[in-house]
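Open the model in your viewer and keep the selection tool at hand.

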Amino acid sequence: MIEIKLEKSIWIVLIFIFTNTFYSQNTVSQNLKTFTVKGTIKGDITDNFAYLYYNNLQDSVKIINKQFEFKGSVKDTIVAKIYLPSAANAPQFYLENNTININVSADKTVKDGKSIQTMHIDTITGSYSLELQKQYLNFYKSNSGKKDFNSLLYSELIVFFTKHRSHPFTGAILAELAFMNPILNKQQLTKLYSILDLSKQDDQYLKLYQKGIEKLDVYAVGKPFLDFKLPNQNGNLIGLKDFKGKIILIDFWASWCAPCRKKNPELISLKQQFGNVDFEIIGISRDKNKKQWISAIAKDKLEWTNLLDEDQKMENGMGIENIPYNYLLDENGTILGVNLPVEKITQILTDKIKTQKS
């Protein structure tokens, strides 16, 4: 059996599901007893076979004219992976007994100075799971800007989890809210966890949920942030105490991380907007290629404090696996928010400035 080369980072919920996926507008049937996965690959590939990994099984089919087709049967909806031997990752999707159409792209990228091939799913149509994902995404987008969003989301998820307690998507939502986007408190997350049918959930989601809950005990809103010292471009050690009295955004990133680089212009605008107040950004990179890191800082014009966590000792100690990831700290180093979008950071900074002036 060929070993599947999965990256350490597991892109879940809003990342591997929502970012690049087109949702079918038609309600699909769940009455089929078999599945058909029809796929098309975009990009330059040299692979002759495509692989489907599910239920600890691996199936392979020949790629003909950049197309492939898998057939089989599953007892329950499960998380599956599409895999090419030449790729460094394996995109995930929900496999169920339906006819599912998947369009996949294979792209070249540079990581730590080396060229690698990555895959991502562009579009999926034809599964009941997509209707559930669309329902959740629509609610999230429609309500995320409201001040009482936390309570609205919790109330919605109580109903959603009760209705779909056996679907692995509910476990993915919970993992994302505990580990990547902790906008609910520990009590709320624990209640949602108690609703799930754990026997039908994917193990990776349950593990991420547990890691997230553990991290909330230490690095949650209202808790003091970790005191650290890391080298900058010149090798000088910089620590959190050097910025006492300032509001700080700790931004975890890397030069090879496309979503991180895409977000940098937003951070630059944020720094310019609040440049006249005691606000500072500290970028902490996990780059292993120092030259590539320094080059990215210059190219993206990141004119703030940049530090290197080359061995990821800080990130590993804090349980940070996916990037970009951030913490917003107050003047005393207390956590104001975790993994916030720029819009939310702007709102918090604006409110603090108004409070200080009044």
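Residues are numbered from 1 along each chain as its sequence is written, and side-chain values use heavy atoms, with hydrogens and water left out.

**Stop 1: confidence**

Colour the chain by pLDDT, the predictor's confidence in each residue, from 0 to 100. The chain average is 86, and 90% of the residues score at least 70. Now select residues 1-29. Here pLDDT stays under 50. The model still has 91 contacts beyond four places in sequence for residues 1-29, a contact being heavy atoms within 4.5 Å. Where pLDDT is low, predicted coordinates should not be read in detail.

**Stop 2: the disulfide**

How many disulfides does a search of the whole structure find? It finds one. A disulfide here is a pair of cysteine sulfur atoms within 2.5 Å. Select Cys 257 and Cys 260: their sulfur atoms are 2.3 Å apart. The torsion about the S-S bond is about 75°, so this disulfide is right-handed. Cys 257 is buried at 3% relative accessibility. Cys 260 is buried too, at 2%.

**Stop 3: the four-stranded sheet**

Switch to the cartoon view. Helices (H or I, at least four residues) and strands (E, at least two) are DSSP runs, numbered from the N terminus. Two strands pair if DSSP finds at least two bridges between them. Find the open sheet of four strands, in the order E4-E1-E7-E8, with mixed pairing. Strand E4 (67-72) and strand E8 (114-125) stand at the edges with a single partner strand each, so one side of each has no neighbour in the sheet. Neighbouring strands are turned by 25° against each other on average, direction ignored. These angles compare axes, which are lines fitted to C-alpha atoms (for helices, over the stretch in contact), and run from 0 to 180 degrees between N-to-C directions.

Next, select strand E1 (residues 35-42). E1 and E4 run antiparallel, joined by six bridges. Gly 39 stands opposite Phe 68 in E4.

Then step back to the loop between strand E3 (57-62) and E4, where Asn 65 is found. Asn 65 has a positive phi of about 55°, although it is not a glycine. Is Asn 65 buried or exposed? At 72% relative accessibility, it counts as exposed. Lys 66 lies in the loop between E3 and E4. Its phi is also positive, near 60°. Lys 66 counts as partly exposed, at 34% relative accessibility.

**Stop 4: a buried strand**

Select strand E5 (residues 78-83). Six of its six residues are buried, so E5 is largely enclosed by the rest of the structure. In a regular strand the side chains alternate between the two faces of the sheet. Show the side chains of E5: Ile 78, Ala 80 and Ile 82 point one way, while Val 79, Lys 81 and Tyr 83 point the other way.

Look for the partners. Strand E2 (residues 49-54) pairs with E5 in the antiparallel sense over three bridges. Tyr 53 stands opposite Lys 81 in E5. Strand E6 (residues 92-95) and E5 also pair in the antiparallel sense, over four bridges. Leu 95 in E6 is the bridge partner of Ile 78.

**Stop 5**

Select helix H3 (residues 168-180). 13 of its 13 residues are buried, so H3 is largely enclosed by the rest of the structure.

Move on to helix H4 (residues 186-195) and pick Ile 195. Ile 195 is buried, with a relative accessible area of 13%. Beyond its neighbours within four places in sequence, Ile 195 contacts Ile 158, Phe 161, Thr 162 and Arg 165.

**Stop 6: the five-stranded sheet**

Last, find the open sheet of five strands, ordered E13-E12-E11-E14-E15, with mixed pairing. Its edge strands are E13 (305-308) and E15 (335-338), each pairing on one side only. Strand E11 (residues 247-253) and strand E14 (residues 325-329) run antiparallel, joined by five bridges. Phe 252 stands opposite Tyr 325 in E14.

Finish at Pro 324, in the loop between helix H8 (313-318) and E14. A cis peptide bond joins Ile 323 and Pro 324, with omega about 0°.

Technical notes. This is a predicted model: local features need pLDDT of at least 70, side-chain atom pairs count only at pLDDT 80 or more; totals for chains, interfaces and linings use all residues. Buried means under 20% relative accessible area, exposed over 50%, partly exposed in between (1.4 Å probe, protein chains only).
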